Every structure is written in structure tokens, then in C-alpha cells.
Amino acid sequence: MNGLQFSTSTSSTLGQMYPQTERSHTSPQWSGVVLLKDLSRWQIEAVRKLFQLLALPRDWDSYGSPPPSEVAITAGVRLILGIDLDNFVSPRVVPVSGGGVQLEWSLGSREVEIEIDDEGSVEYLKSVGAKPVEEGPLSLADLPRIRSLLTWLIA
Amino acid sequence: MPDPNRTLPEYSQPPVIETVLGVQFSPLTSFSIPHFGLYWAKIREMFPNYEIQPPLGPIIEEFGEGQWKHVGVSIELAQFPELRCWFKDVSGTKLIQLQRDRFLFNWRKVKDEDVYPRYDNIKPNFAEKWDEFCGFLVEAGLEKPEVNHCEITYVNHIHLGQGWKSYGELKNVIAGWSGEISGNFLPEPESVNIGTRYFLPNGKGRLHVLMQPAIRRTDAKEILQLNLTARGKPESSTLQHLLDWLDLGHEWIVRGFSDFTTKEMHDLWGRQV
């Protein structure tokens, strides 16, 4: 052997999180995986919930809806991987009729919902005590905006 | 039934879920965007679906000082935006990846019942497609590719619960990992990544082994992804020399995989030879 590298992390030292795409530009791999290195436990849970939605059958809502689209799930994963908050709470991840997906965080009376439609368009809603206080479109590339939405929950 | 003439390790239920056989060559200077479409027309019956992907960076295995490296970011006056085209078959199990300096042939497992078709069946598929691509380049009046690297990758997925239930049990899977620490302070690792590399004989290349925890998209399962990649320079660009090199890379991957993993896991995967 002429090269060796080990790396580990323990539950008491959550690693710094880096955005990771499902397929590295340096890898010819085709099979889709999300590498867990440097991800926080809440992110791992969220990614797992998102992938589980791909197995939903058509008509899961009894209104003829398809399961969340690959595009929506991929966008959801990118959003989760882009959030550099350790020790955060994992969102509720729910399918949306028409092939979308919604991520929901709530802390106390504050709630943030991020909805991704089947084509990957994203909208958010902030509410306090179930009353909407702000909503609008969101770009997945705007990581500072996404971060501020989530830190509002704990502000 | 295992082949009685086979000397390489063989498993009845290997954890391999993807293989990649391919070549890297000097960038084809005359190859431009229309050529992707012209080539697709040749293979479209078998590979009717396509996707555009960002290009793979060039990788050169070097020896001595400098070791192996990704060739760094370079600025050049490109004729067109660099891209990589994926051409996919209907079953979603076969893929041709093409860019100006790379040609790769992937097989992957899609359904649980899909059986790894074995290297001896995948290699002729690669050879046929590469030969067809070279024929296309001749027909299109383009230059002959000067291959500078061959590469072969095996992607293995080892499920949580298949021989290991936590990273404290990783020694049950990875032969070289004891998991022991010299004191008693650290708890069981939450996660472990392992990366090793080995010289192939006579400067023919390297074997890279990378074990990374991951979640699989298809079924949301937590897995250890164990990738073995052999890369190196073939003797020449002739098909025979490319296949000779791939045989060497394959041998190192199969023997390397067997050395890297434990006998207990070999039993689970049904080692026959």
C-alpha cells in the first residue's frame, strides 16, 4: 500500500457541512447516492425522508397525483445539503399533489414551509401561530436567504 | 456455477451495483456540439435517452514526485462550452458517457432482481461501443483518439445490517480496520471514511479504494459505498492494448476487493473461488 487516509467523525463532533451534489463532477458514477461525510444528523434524516417519497405510488392522495418528481426530490436534497446549520431540527417532509414536495420546520409558534413543485420551482411561507406573515418565491442558489429563513425560527 | 478455469475470486451475490469501463484521450480538437448529435444518431436505437452533464475533469496518474492528480483548472479558448453527454438505454442499466476527451460505458443495477452480468460480458459491450465510436470519428473525418488513460470502476453497496449495524462494527466488513483506539476516551465513531491507493506493477497505474457512508436514492437505505477504481496508461491506443489494460485493472479490483473486505463478508456474498 502506498497511500492511506482514514477519516472519522463522532457524534460529539458534528463536522462542518459542505454542499454536496449527488454526483460529483469528478466521478463517472451513475447510481445516485448522497455521501454522508460532513452531513449533520438532521440533514441525513431529511435526505432519507425525501428519497422515501420516490417510492410513493401514483394516486397516493386518491386524487390521481403522481409521486414527487425526480426534479422536486433533487431540488429538495440540494436545498438540505446547502444549509450550513449544525444541530438543527429535521423538517417534516411531505408530498404535494401534482408531483411536488414540501419541507416544514416549526419551532414554538413559528413555522417555515418551503414548497418545491414538480418542475423545481420553490416558494416559501413564514407563519406565526398559524398566521402567514411572509411568503414568496425562493432561489435554491440563494443560500444566505434560505439560511436566514431558518434562523428566523430560532431568533 | 463458477467457471472451473477461473482463478480470480468470484461471488454468487456480489455487492457490486455499478461498473464503469472507459478511456481518456487527448481532447478531440475538431469534435464539436453537432458531433454529439451525429454520434447519437448512430446509437439512438439502443440508447434513446440522453442527459447533458458537466464534464469530468481530466485525471492523470503520475508516479514519483507529483503522484496522481486531477489536472487543475486551466483557462483556454474553447470552441464551445465543454459538456458531457449521457446516452441511456431504455432499461436504465446501460449508459454511454461522452465528452471531448472521455468515453465511458456504465452498467448499473436498477432492480433488486438485476444480476451483475460479469466483466466477461461487460468488456465486449465496451469494446463494441468504443470501436463503433472510433468508426464514427473516421466517418466524420475527425482525428483518431490518442488514449492516455484507461479506467475501470466498481461501485459496491454494503447495506446497513448486512454484516454491520454501526461503525463500531466496521471491522466485520473491512479487513484492515480494527477500530481500536489507544485510550478509552473516544466513543464509537458516528461515521468513517476510508481512502487508500496502491501502485499497480511496473508503473502501469494505480488502484484507488474509497469507502464512504451514503444514502441510496432508489430506496433511501443507508449504505457503505465501496468504490474501487483502477487507472493507468495503456501500451498504445489499439483496442487490444486497451482491453489488456482493462483486464489488469479488473484483476486488481477483484483481488483488491477480496483483500480489502473480510472473510465473513465473503461468506455473505457467496464466495465461490
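**Notes on a predicted two-chain model**

1. Buried residues make up 34% of the 273 residues in chain B. If you look at contacts in chain B with a separation of 6 or more, 70% of them come from residues 24 or more positions apart. What does the secondary structure of chain B come to? There are 4 helices and 11 strands. The radius of gyration of chain B is 20 Å, close to the 19 Å that the globule rule gives for 273 residues, so chain B is as compact as a globular protein of that length. Taken along the principal axes, the box filled by the C-alpha atoms of chain B is roughly 65 × 45 × 40 Å.

2. Now pick out helix 3 of chain B, residues 239-260. This helix has 22 residues, and from its first C-alpha to its last it reaches 31 Å, close to the 32 Å expected at 1.5 Å a residue. Its buried residues include Trp245(B), Trp252(B), Phe257(B) and Phe260(B), along with Leu242(B), Leu246(B) and Leu248(B). Gly249(B), His250(B) and Ser258(B) are also among the buried residues of helix 3.

3. What covers those buried residues of helix 3 of chain B? Among the elements are two helices, helix 2 (119-139) and helix 4 (263-268). The cover also includes strand 1 (16-25), strand 8 (147-159), strand 10 (206-216) and strand 11 (222-232) of chain B.

4. One loop residue in chain B deserves a look too. Pro54(B) sits in the loop between strand 2 (49-53) and strand 3 (59-60). Pro54(B) has 14 other C-beta atoms within 10 Å, and that makes it partly exposed. Between Pro54(B) and Leu142(B) there are 88 residues in sequence and 23 Å in space, going C-alpha to C-alpha.

5. Over to chain A. It has 3 helices and 7 strands, and from the N terminus on the elements run β-β-α-α-β-β-β-β-β-α. Of its 155 residues, 26% count as buried. Take the contacts in chain A between residues at least 6 apart in sequence: 51% of these join residues at least 24 apart.

6. Helix 2 of chain A (70-81) is a handy place to check a helix length yourself.

7. How do helix 1 and helix 2 of chain A pack? Their axes are 10 Å apart and the angle is about 180°. Because angles over 145 degrees count as roughly antiparallel, helix 1 of chain A is roughly antiparallel to helix 2 of chain A. On the helix 1 side, the contact is made by Gln43(A), Ala46(A), Val47(A), Leu50(A), Phe51(A) and Leu53(A). Helix 2 brings Ile73(A), Gly76(A), Val77(A), Ile80(A) and Leu81(A). By class, this contact has 9 nonpolar, 2 polar and no charged residues.

8. The loop between helix 1 and helix 2 of chain A holds Asp59(A). Is Asp59(A) buried or exposed? With 11 other C-beta atoms within 10 Å, Asp59(A) is exposed. Leaving aside neighbours within four places in sequence, Asp59(A) is in contact with Gly64(A) and Ser65(A). Asp59(A) and Ser97(A) are 38 residues apart in sequence, and their C-alpha atoms are 9.2 Å apart in space.

9. Finally, check the backbone at two spots. Most residues other than glycine have a negative phi. Ser62(A), though, has a positive phi, near 60°. Ser62(A) lies in the loop between helix 1 (41-53) and helix 2 of chain A, and it is exposed, with 6 other C-beta atoms within 10 Å. Ala130(A) also has a positive phi, of about 70°, although it is not a glycine. Ala130(A) lies in the loop between strand 6 (122-128) and strand 7 (131-138) of chain A. With 8 other C-beta atoms within 10 Å, Ala130(A) is exposed.

Technical notes. Residues are numbered from 1 along each chain as its sequence is written. Chains are lettered from A and ligands numbered from 1 in the order in which they are written. This is a predicted model: local features need pLDDT of at least 70, side-chain atom pairs count only at pLDDT 80 or more; totals for chains, interfaces and linings use all residues. A residue is buried if 20 or more other C-beta atoms lie within 10 Å of its own, exposed if 12 or fewer, and partly exposed in between; C-beta atoms are placed from the backbone. Axes are lines fitted to C-alpha atoms, for helices over the stretch in contact, and angles run from 0 to 180 degrees between N-to-C directions. Angles under 35 degrees count as roughly parallel, over 145 as roughly antiparallel, 65 to 115 as roughly perpendicular and the rest as oblique. Two residues are in contact if their C-beta atoms, placed from the backbone, lie within 7 Å. Ala, Val, Leu, Ile, Met, Phe, Trp, Tyr, Cys and Pro count as nonpolar, Asp, Glu, Lys and Arg as charged, and the others, Gly among them, as polar. The radius of gyration is taken over C-alpha atoms; the globule rule is 2.2 Å times the number of residues to the power 0.38. The expected span of a helix is 1.5 Å times one less than its number of residues.
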